[in-house]
Amino acid sequence: MKKKAIYFTIFILANLLVMSGSNSSFMVQGVEPIANLVFKTNGGGVRPDYGLFIAQYLRDIGIEVEVKVEEWSVFVGTLILTHDYDIGVVGLSGGGASPDMRDIYTEDGSLNCYQLGPDIPYCNQSEIMQDIGVTITDVDARQQHYYDWQQLMMDKIVPILPLYAPRSYVATWANTEGYEGRWGIVDSLPYMYYDGYHEGQVSLTEFNLADANWRELNPLFTDDTSSSFIWNLMAENIMTYSPDLAPLKTGLVYDWEQIDEFHFKFYLRDDVYWNPSYNVTGRTANSDPLSAIPTGELMQGLKFGEYSDGTNQQVTAKDAVFTYLVWSNPITSESTTYHDWISECYVDPVNELAFHVHIDGNPDTPEIEHYVDFWARLPWNIMPEFFLNSTDPTVSYTDGGVECVGIYADMLNTEQWVTFSTSAFGCGKYMLDYYIRNSVTVLQKSPFWLGIGVIDGTSQDLDFDSFIIRVIPDSSAELAEFKAGKLDWTGLTAFPAERKQMQADPRFNVQTFIAAGFSYMFYNLRRPFVGGADNFVYLDTVGKEEYTVGIAVRKAMNYAIDRAEMNQVLHDGEYLVAHSVLYPYTAFYYYNDIIKYNYDIRSAFEWLGAAGYPVPDLPPETTPEVSTPTEPQQTTESPLPLFGIIAAIGAASAIAFYRRRK
């Protein structure tokens, strides 16, 4: 047994050496680290595992990294307020319809976790290029412009190391008909129904899935996908968009006309009404049905003290105009750049179901400029103007210069705005019934929904009376509940082995699609070593004079991280390794011929040396030879395959094996 144990250890270490190449031979032994960095991310999923791998790779070039994992709300505060990190990992999702990333990669962007600013070399050029990009109407010229911008970002600024764009896999039971993964659950619901029962199912009139706790239902303040998902179930988009990023006439907007190149007029459907303004605070599973709530207990709006009972408050153009204005007004929105191209927005003077939008791609210049991506900014969920607007005479302005009357700072503290965060209502398919923190959220089918499916614009109904979202933050536990028949839908992206089994199992339907999202490691450009004062010290190395010490360090760190190996170990090699600051989902504008930071320990030391840090003399490149074990394989305790071991002991233990090779 002792001999077998020794062989087992050698087998693992040999395989790890094969996976890791020859980087361990380049370690600087007996020398203090050249830097001690703090890595932060949020818990859940594989991001903490990313941190452990990144820490190991950077140790190979003399950089020590402390990995800190925070709860999501704390992590968001870290990114926005404290910035007490050197590097970290985040993921973007839900975007990619446009190459306009100013909310992510500009000084005033709401997701500027890198602390970009015009004082940092090349950042001002980047912001100018982004502003110009949204005004270019020639498609080919615009594509090349965004190619050039991406190259500038990844070569001369290097705020991130792109990690992965996942291929999403989702599963339903085979008795679930009508679900289209590319469209998503919310858009598919009008077409979905059950063809009989599946294992463990007890009802044909409810749909069950799992998610994390939601935190904020007012979309203006939402920062998590769980909250957004529930709001989407209750709301309707002003404009609808297909998975192929084409504007459709199947939503609230059924038609439009172009008045001139900067002026559009949109028409809303008639006979659409707001769902009742129920206050669900304190409701439980034992409460009376929503329909039994007396009219006198419905929430009253801020504007005129009016309520909605599902039949008395029509959805009109004033709601659409209000929605776009609050999203672009800095008093109510932290994402004003999404709609700062709106120079005018108003209800048609003779048709209460029509509204006008005037476009100016750059509000900071006197000339009227195009904003090509405005179609991608129109599919916003409509908000109830009668409930959230006020009669206050205060005048404020959007970032695009549109005058707003009634929007004032203290409005956010009114009873209506505070309550809407937990008892929101829309004009959508479902109405919030009750929720129990850390347990469940239950929604009921709305009898007032407009009854039109956005996929094809046909009249539809909802087969599921109840939509139940159980709080199961652990994805493994969620998968177990799905397989037990307690859930009707689940994600499989993180479980390639289970997914492959389900694809061969007729009891399940598995669908796949490229996700509109990607993850990346980011740098805090204001911290020493990765940035700080070194952002302004240029290199004197021949051929590298256009780069600063800070850029060189970030390039070195990027080259030192083996994303392909991480992908193989953590994702079974199935994720797409990203190389740019854009979503790979944005295929037409995504620049694949950009500078790539594929794992290259020699380039890492080259840039580290150019930055003035001591590096070892690198031996000639050789291919490591690993002896083939000669121990007989016919044993009663055969070694497990390497990935079986890693799957069994977890990524953290896998990192421990990596560290033993030092």
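**Reading the salt bridges**

Reply: Start with a network of salt bridges: Asp100, Arg102, Asp131, Asp340 and Arg377 are linked in it. Keep in mind that this model is predicted.

Me: How many salt bridges does the structure hold?

Reply: There are 28. One partner of Arg102 is Asp131, with 3.2 Å between the closest N and O atoms. Arg102 sits in the loop between strand S3 (87-93) and helix H4 (123-133), and Asp131 sits in helix H4, so the bridge ties together parts that are 29 residues apart in sequence.

Me: Is Arg102 buried or exposed?

Reply: Compare the relative accessible area with the cut-off: under 20% means buried. Arg102 has 5%, so Arg102 is buried. Asp131 has 26% and therefore counts as partly exposed.

Me: Which Asp meets Arg102 in a salt bridge at 3.8 Å, N to O?

Reply: That is Asp340. The pair links distant parts of the chain, 238 residues apart. Asp340 lies in the loop between helix H8 (317-328) and strand S14 (342-347), while Arg102 is in the loop between S3 and H4. Asp340 counts as buried because its relative accessibility is 9%.

Me: Now a pair with Arg215. What does Arg215 form a salt bridge with?

Reply: With Asp224; the closest N and O atoms are 3.7 Å apart. Check each side separately. Arg215 is at 31% relative accessibility, so it counts as partly exposed. Asp224 is at 8%, so Asp224 counts as buried.

**Polar contacts**

Me: What does the side chain of His571 make a polar contact with?

Reply: Read such a contact as a pair of N or O atoms within 3.5 Å. The side chain of His571 makes one with the side chain of Tyr50, at 2.6 Å. Then look at its cover: with 6% relative accessibility, His571 counts as buried.

Me: Which residues is His571 in contact with, leaving aside neighbours within four places in sequence?

Reply: Val46, Tyr50, Tyr164 and Met566.

Me: Where does Asp505 lie?

Reply: In the loop between helix H12 (496-503) and strand S22 (508-514). Its side chain makes a polar contact with the side chain of Arg507, at 2.8 Å. Asp505 has a relative accessible area of 19%, so it is buried.

**A surface patch**

Me: Which residues make the nonpolar surface patch of about 270 Å²?

Reply: Val395, Tyr397 and Val405. Take Val395 as the example. Val395 lies in strand S16, residues 395-397. Its relative accessibility is 42%, so Val395 counts as partly exposed.

Me: What is the mean pLDDT of the chain?

Reply: The mean is 88, and 89% of the residues reach 70 or more.

Methods
Residues are numbered from 1 along each chain as its sequence is written. This is a predicted model: local features need pLDDT of at least 70, side-chain atom pairs count only at pLDDT 80 or more; totals for chains, interfaces and linings use all residues. Side-chain values use heavy atoms; hydrogens and water are left out. Patches are made of residues with over 30% relative accessible area and no salt bridge: like charges are joined within 9 Å, nonpolar side chains (Val, Leu, Ile, Met, Phe, Trp, Tyr) within 5 Å. Accessible areas come from the Shrake-Rupley method with a 1.4 Å probe; for residues, only the protein chains shown count as cover. A salt bridge is a side-chain nitrogen of Lys or Arg within 4 Å of a carboxyl oxygen of Asp or Glu. Helices (H or I, at least four residues) and strands (E, at least two) are DSSP runs, numbered from the N terminus. Buried means under 20% relative accessible area, exposed over 50%, partly exposed in between (1.4 Å probe, protein chains only). A polar contact is a pair of N or O atoms within 3.5 Å; within protein, one must be able to donate a hydrogen and the other to accept it, and residues adjacent in sequence count only if both atoms are side-chain atoms. Contact means heavy atoms within 4.5 Å. pLDDT is the predictor's confidence in each residue, from 0 to 100.
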